[in-house]
Amino acid sequence: SQLDSYAVLGQPIMHSKSPRIHRLFAEQTGQHLSYSAEEVAPEEFRAVVADFFANGGKGLNCTVPLKELAWAYAEYTSERARLSKAVNTLSVHTDGKIFGDNTDGVGLITDLKDNHHLQLSGLNVLILGAGGATRGIVAPILAEQPKQLVIANRTVAKAMQLADDFKTEGTLAACGLEQLTNQAFDLIINATSASLSQDLPALPDSVLATNGVCYDLAYANQATPFVQWGHEHGARHSLDGLGMLVEQAAEAFFIWRGVRPDTQPVIELLNAERAAL
Ligand code: NDP
């Protein structure tokens with residue numbers, strides 16, 4: 001019989017680590033499947049996805065800039081995907097309908113809690129940015145009961161809108177980056193795309209609390225500008241999004257295969273490989 005097939009769609013997609021991660025999971029758990037990467041422009045998305053599933057494909061990951069389109073495509077979604085209005089994992093449900101989920105938020109929380117032993121309850125948490133990634137992580141963070149969650153964005157109106165959309169999930173405040181002058185945060189999450197262009201959101205030095213933690217959702221072979229900023233400002237940990245990437249993949253793998261891979265050896269391998277570059 002044919003191998004169950006999976007893929008990640010995005011634009012650009014060439015440097016995606018998802019095929020590698022899912023093949024390592026499959027090898028580790030003894031699952032037989034194929035996983036490829038395909039460059040797909042937004043205007044081709046619907047046709048490509050329909051074709052993939054019509055040909056017996058089992059599941060898709062969707063990344064930038066396709067997550068909102070995947071959310072619209074799904075015939076039904078999880079509660080966390082509904083809240084974020086973004087889907088990174090599509091699968092065929094038992095009734096043949098296409099199910100959409102968003103595993104980014106749980107990926108971040110699992111990385112923080114299980115891999116870095118950081119509990120969010122009682123912490124003052126700051127998210128930088130108000131785009132799709134922020135939409136995916138707000139509700140999962142609020143569920144951990146931080147003392148406070150502030151969303152700061154270059155374009156204030158977008159942060160305000162987002163805080164308004166999530167107000168039923170918990171207490172949220174929104175502001176502009178320049179308003180971050182009189183408070184220090186225990187955890188600062190960079191959910192802007194600034195790192196992708198070697199840029200850094202404009203931040204006052206005082207914004208990180210003593211022993212605070214910095215977390216950049218972006219990841220690269222070298223320390224991102226925000227990870228570097230964290231080191232320079234005395235962060236206890238200054239982490240990038242590689243752990244989140246592996247954890248969101250593990251959650252997708254579980255949705256598709258019903259088996260939970262061990263993420264630790266995969267994170268260690270990917271970290272060792274980039275340290276050797
Ligand atoms: P979006 O394009 O939806 O949002 C971008 C956000 O970044 C906006 O709020 C924008 O502000 C802000 N921004 C961009 N450049 C700057 C800058 N120079 N200074 C200040 N703010 C800036 O992107 P996404 O939300 O989809 O992705 C954000 C990041 O998260 C990406 O780096 C992505 O790779 C990463 N990510 C990582 C994952 C993982 O598994 N590790 C999962 C998902 C995302 P404005 O509104 O003012 O334009």
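## Terms and model

Axes here are lines fitted to C-alpha atoms, for helices over the stretch in contact, and angles between N-to-C directions run from 0 to 180 degrees. The model is predicted.

## Packing of H1 and H9

Two packed helices are described by the angle between their axes and the distance between the axes. Helix H1 spans residues 18-29 and helix H9 residues 242-257. Their axes lie 10 Å apart, at an angle of about 55°. The crossing of H1 past H9 is right-handed.

On the H1 side, the contact is made by Ser18, Ile21, His22 and Phe25. These meet Val246, Ala249, Ala250 and Phe253 of H9. Sorted by class, the contact of H1 with H9 holds six nonpolar and two polar residues, with no charged ones.

## Domains and their contact

The domain assignment of the protein places residues 4-102 in domain 1 and residues 105-242 in domain 2. The C-alpha centres of domain 1 and domain 2 are 26 Å apart.

Contact between the domains involves eight residues of domain 1 and six residues of domain 2. On the side of domain 1 that touches domain 2, the elements giving two or more residues are helix H3 (67-73) and helix H4 (79-84). H4 supplies the largest share of that side, three residues. By class, the residues on this side of domain 1 are four charged, two polar and two nonpolar.

Key: Residues are numbered from 1 along each chain as its sequence is written. This is a predicted model: local features need pLDDT of at least 70, side-chain atom pairs count only at pLDDT 80 or more; totals for chains, interfaces and linings use all residues. Domain bounds come from an automatic or database domain assignment. Two residues are in contact if their C-beta atoms, placed from the backbone, lie within 7 Å. Helices (H or I, at least four residues) and strands (E, at least two) are DSSP runs, numbered from the N terminus. Ala, Val, Leu, Ile, Met, Phe, Trp, Tyr, Cys and Pro count as nonpolar, Asp, Glu, Lys and Arg as charged, and the others, Gly among them, as polar. A crossing is left-handed if the near helix is turned anticlockwise from the far one by less than a right angle, and right-handed if clockwise.
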